[in-house]
Each structure stands twice: as structure tokens, then as C-alpha cells.
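Please open the model in your viewer and keep the selection panel at hand. The tour below goes from one selection to the next and says what is found at each stop.

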Amino acid sequence: METCEESTVLVLANPKSGGGLAGELVPYLVRDLGRSGRAVEVFQSSAAGQITGRVASITKRYHALCVVGGDGTVREALQARPPKDLPIAVLPAGTSNVLAQEFRLPKNPTETARMIERGATRVLDLGVIERTDTTQHEVMVLMVGAGIDSQIVERAHSKRRGSTFGKLAYIGPIARSLVSYHKIDHWFVLEDGSRHGPFAQIVVANIAGYGGFWRMPGDVRYDDGLFDVYGFKASGAMGLLRHGVRGAFKKLEEGSDLVHFQASKVRIEASEPSPVQCDGDPAGCCPIEVRSVQRALTLVIDERTYSRSV
Ligand SMILES: [Mg+2]
């Protein structure tokens, strides 16, 4: 029988996430979890890093954590490396909800509370990034990229004003990154010592899809301890745009201009300083090293909408 503590759900929210949507959803989620008989603790952040601090300070045993926010909020929680068997639910309420889209998670609090009660889970790998400019290791849930994606992310974040950050904020940076595209050569080095490149764009993926409109080729598995590593060749912005359009129509195929490997450890190098993006946030510059931590996350899923076999 569960003790009282073990029946508590800890809700973690960045109330400003999704233009304030996350803060609006929290009271409904608390109500719906309460109706299921759960005790609920709520932690709402007012500054970056606080959610990481709250998760790092967990000493008791919770039934589950429930993150209300987008991919950035999820990564903030996982940055503290909670126990890998502690179920983590996500109520998507951010600008970017790629993880929720990949696992078709419900978007309303009532369904989220029901999903937590049913308790179906899926175990996933995580990535850990090691950089030369900081000793702090960052967690990667979705993917790491170096190339035009990271140039766009860097431009978008340098223009960021205030705390809201809508999808529209990307239009200018995408256009400017294509127009003023400056090709940087990138290489990846796998754990067997093999070095591959040069590539205009490298993506190290933990999941196959990106925002429901982009899909990587190959049999990407979430719990095999291996990343899927992609190198894109392109001589200019138009070539990269062509890869982008193919990905959007789920027509990316391995060939002479797209190579695909699997590896548990990858180093990304570049011919000159090249920014890196991790799950849509800036993450320093190449060179970086990413290693897979197998089965490090227990994600609560809605088994009625997500039934893909391992
Ligand atoms: Mg994998």
C-alpha cells in the first residue's frame, strides 16, 4: 500500500511559458489531480534555473512529477537528473512542445490527470552534453544540432525581449540566416574513432520527429542507448532548404548528401566557431561531446493515443 507521501504529485510550472498558458492551466490540473485523490504540491518558477533547483532538492518519494510548460521547462526539470524510475508527466503549454507531440500527449489538464492515474510509462534515453567552455553538463532530451539550425536559434535568442517568445520570433532569424548563410564545415567523431564530414549541418537525435512536421529517416528507438547521427551536405542555403523541405514531407533518405550513423557517444567539431543548439536553446559552440544515458527517463504516456511498440 502506498504511503501518503508516495501519493503526492509535484507540479512544476513556468507560469509564463506559452505566453502565460502554463500558469492558467495549473489550477485546473491541481483540481483534476485532487479529484483523483492525489495530494498535490505546486512549484511555480519566477526565474530560469529555479525548476532545476526544486527538482535537485527532492528528498521524498513522489508518485510522479508533472511539468507544465514546453520543451525548455521539461529540460529544466531533467537538468537536475531526477531518479530515473520517478514517472514524469508533461502537460504541454510551451511555445515548443516537440516531446509532447512525439508522444501525442494530451493538452488538457483533465486528460493529463487521468493519464497519471492510469500510469502507463515509456522509458527513454537522455543525452548529456560536455562542452569545453563550462564544466556544467547539460541534458539533451530531443536533439542537438550544429549548422543553420543553431544559427537560427542563436539569432532568435539574441533578439529575445521579455519573457514571452512566440513562434513568430523565428521568422526574421530564419530569413536572415538563409539570406546571409555562411557555410561552416562540421565533422562528427563516433566512439569507434571514425571521423565523418565535412557537413553543412549535423543533427544528433534522441527522437525521430520534430514538431510533428519533420521526420528523420531510419529506425529511431528511444531506449536503445544510441543516438541517430545525421550529416547533411549542402553547398549553400538552397541546398539546406531542400533538405528542410524533404524532411517536412517525410522524404529524407540516406544518400550521398545525407549520411546516418548510430552511436552512443558523438563529438561535433567545426572549421571555425559554430554555435550549437540543444532542444531549441543555445548550448555553446563546437567542439562538444554528447553521450547517451540509456533509459534515464520514465515518461508518463497516454497509452490510448500512443501505442507504438519498442
Ligand atoms: Mg536511440
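## First stop: helix 6

Select residues 148-158, which form helix 6; nine of its eleven residues are buried, so this helix is largely enclosed by the rest of the structure. A residue is called buried if 20 or more other C-beta atoms lie within 10 Å of its own, exposed if 12 or fewer, and partly exposed in between, with C-beta atoms placed from the backbone. Helices (H or I, at least four residues) and strands (E, at least two) are DSSP runs, numbered from the N terminus.

This is a predicted model, in which local features need pLDDT of at least 70 and side-chain atom pairs count only at pLDDT 80 or more, while totals for chains, interfaces and linings use all residues. Residues are numbered from 1 along each chain as its sequence is written.

Within helix 6, colour the buried residues, among them Ile-148, Asp-149, Gln-151, Glu-154 and Arg-155.

## Second stop: the core

Which residues have the most contacts inside the largest nonpolar core? Select Val-11, Leu-29, Cys-66, Val-67, Val-68 and Val-204, which hold that place in a core of 80 residues. The largest share of this core, six residues, comes from strand 16 (residues 288-300), and the core draws at least three residues from each of domain 1 (5-119) and domain 2 (127-293). A nonpolar core here is a set of buried Ala, Val, Leu, Ile, Met, Phe, Trp, Tyr and Cys residues joined through C-beta atoms within 7 Å.

Centre the view on Val-204, which touches Met-143, Val-144, Phe-227, Val-229, Val-266 and Val-290 when residues up to four places away in sequence are not counted; contact means that the C-beta atoms, placed from the backbone, lie within 7 Å.

With 8 C-beta neighbours inside 10 Å, Asp-192 counts as exposed. Draw a distance from Asp-192 to Ile-51: the two are 141 residues apart in sequence and 37 Å apart in space, C-alpha to C-alpha.

## Last stop: the whole chain

Finally, show the entire chain, which has eight helices and 16 strands, and colour domain 1 (5-119) and domain 2 (127-293) separately. These bounds come from an automatic or database domain assignment, and 27 Å separate the two domain centres, taken over C-alpha atoms. Along its principal axes the C-alpha trace spans about 60 × 40 × 40 Å.

How values were computed: Contact = placed C-beta atoms within 7 Å.
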